[in-house]
Amino acid sequence: MHTLILEFEDHVKLGPVSSAKLLGYSYQTYAQYKNRRRKISPYLRAHIKAVMLLEPDVLKTLIAEAISNGDS
């Protein structure tokens, strides 16, 4: 398992399906990153770290929008 992905899921307090949705990836692609079948790009690494740096209230809003609004 990829430690950055595990840290991300722990930080945002979401499971893998919702974590994938939050980052804008399909679950299948996200699972490949998580299981080290696909290398994490510098962009994705920066994206994950940026999300983890958000203030808690901003993160909560981002999660609510990403999870409840589907693809919009």
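This is a predicted model: local features need pLDDT of at least 70, side-chain atom pairs count only at pLDDT 80 or more; totals for chains, interfaces and linings use all residues.
Mentor: Residues are numbered from 1 along each chain as its sequence is written, and side-chain values use heavy atoms, with hydrogens and water left out.

Trainee: Why is the pair Lys34 and Glu9 called a salt bridge?

Mentor: A salt bridge requires a side-chain nitrogen of Lys or Arg within 4 Å of a carboxyl oxygen of Asp or Glu. The closest N and O atoms of Lys34 and Glu9 are 3.0 Å apart, and the pair therefore meets the definition. Lys34 lies in helix H3 (residues 27–34) and Glu9 in helix H1, so the pair ties together parts that are 25 residues apart in sequence. Helices here are DSSP runs (H or I, at least four residues), numbered from the N terminus.

Trainee: What makes Glu9 count as buried or exposed?

Mentor: Buried means under 20% relative accessible area, exposed over 50%, and partly exposed in between (1.4 Å probe, protein chains only). Glu9 has 10% relative accessibility and therefore counts as buried. Lys34 is buried as well.

Trainee: How is Arg45 classified, and why?

Mentor: Arg45 has 32% relative accessibility, so this residue counts as partly exposed. Arg45 lies in helix H4 (residues 42–52).

Trainee: What makes Arg36, Lys39, Arg45 and Lys49 a positive surface patch?

Mentor: Patches are made of residues with over 30% relative accessible area and no salt bridge, like charges being joined within 9 Å. Lys and Arg count as positive, and these four residues form such a patch.

Technical notes. Patches are made of residues with over 30% relative accessible area and no salt bridge: like charges are joined within 9 Å, nonpolar side chains (Val, Leu, Ile, Met, Phe, Trp, Tyr) within 5 Å. Accessible areas come from the Shrake-Rupley method with a 1.4 Å probe; for residues, only the protein chains shown count as cover. The place of a charge is taken as NZ of Lys, CZ of Arg, CG of Asp or CD of Glu. Helices (H or I, at least four residues) and strands (E, at least two) are DSSP runs, numbered from the N terminus.
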